[in-house]
Amino acid sequence: MNKILYLSQFDLMSSLSEADLVEMDSMTSITTLPKHTTIQRPDTFTEGFYFVKRGRIRLYTLSPEGKQFTVDMLSAGHVFGEMKGISLGTRDLYIETLEICDICLMDRNRFEQFLIDHPAFMMRMMHVLSERIERMSELTQTLALGNLHDKIIHSLCRLAEQMGWTQKDEYCLIQCTITHQEIAWMAGASRESVTAAIKELSQSGRIRTGFKSASIHASELRAFRQLISPLQDV
């Protein structure tokens, strides 16, 4: 797939004409990164605006005790970074690849004028930022839950809403690979305790798991949507 066609598939780019996409392409360089590559630490932050072309990345924080909390997982078509005073909320986060990734970097010296010339694109960027803030609020809710089972359910529902899902019988299969360790990072717990909790959740019928896959009972997803609907209405 050529880069112009690829860029046109970003929701963020849908307001741009083909000529705009050609200009955007000229501002973009692509780097391929291996699995488990650290893209950023808070102390190594540098300005840049990035698109995930291929693969998945993880954004996370560390507690004072060194425990990891996953803030977000971004797949192809998502954006992160900060440039010219426009922040997508990633300055103080750790960012790493979960698999082989192609990352597009914008030329920051040309991007500012591009934003001035394309206000609709700027508005879409603000929408992306709003969604990121919303997910941060959901993360706070997740970590405030006292029960590990509820933390896991909340984390899986959030991932299903972000990555998409397909329904089979009464279960919704999350459309991305997911490991017990990645679920543990989202729930802010150890992998061992999460593995035990997942077994109990499976036995009770609230979730189903397979090799690097997870399905949530449809009733859990409905309950999650009711929980977050007040946030979306703000």
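Trainee: Which residue in S13 is the bridge partner of threonine 209?

Mentor: Alanine 214 is the bridge partner of threonine 209. Keep in mind as we go that this is a predicted model.

Trainee: What makes S12 and S13 a pair of strands?

Mentor: Two strands pair if at least two bridges are found between them. Four bridges join S12 to S13, which covers residues 213-217, so the two strands meet that requirement and count as paired. They run antiparallel.

Trainee: Where does this pair sit in the sheet, and what is the strand order?

Mentor: The sheet is open and has four strands, ordered S10-S11-S13-S12, with antiparallel pairing.

Trainee: Why are S10 and S12 said to stand at the edges?

Mentor: Strand S10 (165-168) and strand S12 (207-210) each have a single partner strand, so one side of each lacks a neighbour in the sheet. Neighbouring strands here are turned by 25° against each other on average, direction ignored.

Trainee: Good, that's clear. What packs on this sheet, and how do you know that there is contact?

Mentor: Helix H5, residues 148-163, packs on the sheet. Contact means heavy atoms within 4.5 Å, and H5 touches S10, strand S11 (171-174), S12 and S13. The direction of H5 makes about 100° with that of S13.

Trainee: Let's turn to glutamate 220. Why is glutamate 220 called buried?

Mentor: The relative accessible area of glutamate 220 is 16%. Buried means under 20%, so glutamate 220 falls in that class. This residue is found in helix H8, residues 218-233.

Trainee: Which residues does glutamate 220 touch, not counting residues up to four places away in sequence?

Mentor: Glutamate 220 touches Ile153, Cys157 and Arg206. As for isoleucine 207, its C-alpha is 8.8 Å from that of glutamate 220, and the two are 13 residues apart in sequence.

Trainee: On to cavities, then. How many of 30 Å³ or more does the structure hold?

Mentor: One. About 50 Å³ of space lies in the largest cavity.

Trainee: Which residues line the largest cavity, and which element gives the most?

Mentor: The lining consists of Thr70, Asp72, Met73, Ser155, Arg158, Leu159, Gln162 and Met186. H5 gives the most, with four residues, while strand S5 (68-74) and H5 each supply at least two.

Trainee: What makes two of the lining residues count as charged?

Mentor: Asp and Arg are among the residue types that count as charged, and the lining includes Asp72 and Arg158.

Note on methods. Residues are numbered from 1 along each chain as its sequence is written. This is a predicted model: local features need pLDDT of at least 70, side-chain atom pairs count only at pLDDT 80 or more; totals for chains, interfaces and linings use all residues. Side-chain values use heavy atoms; hydrogens and water are left out. Axes are lines fitted to C-alpha atoms, for helices over the stretch in contact, and angles run from 0 to 180 degrees between N-to-C directions. Buried means under 20% relative accessible area, exposed over 50%, partly exposed in between (1.4 Å probe, protein chains only). On a 1 Å grid over the protein atoms alone, a cavity is a set of points where a 1.4 Å probe fits but cannot get out, and a pocket is an open set with protein on both sides within 12 Å along at least five of seven lines; lining residues have an atom within 4 Å of a point. Grid points are joined across faces, edges and corners, and a volume is the space filled by probe spheres set on the points.
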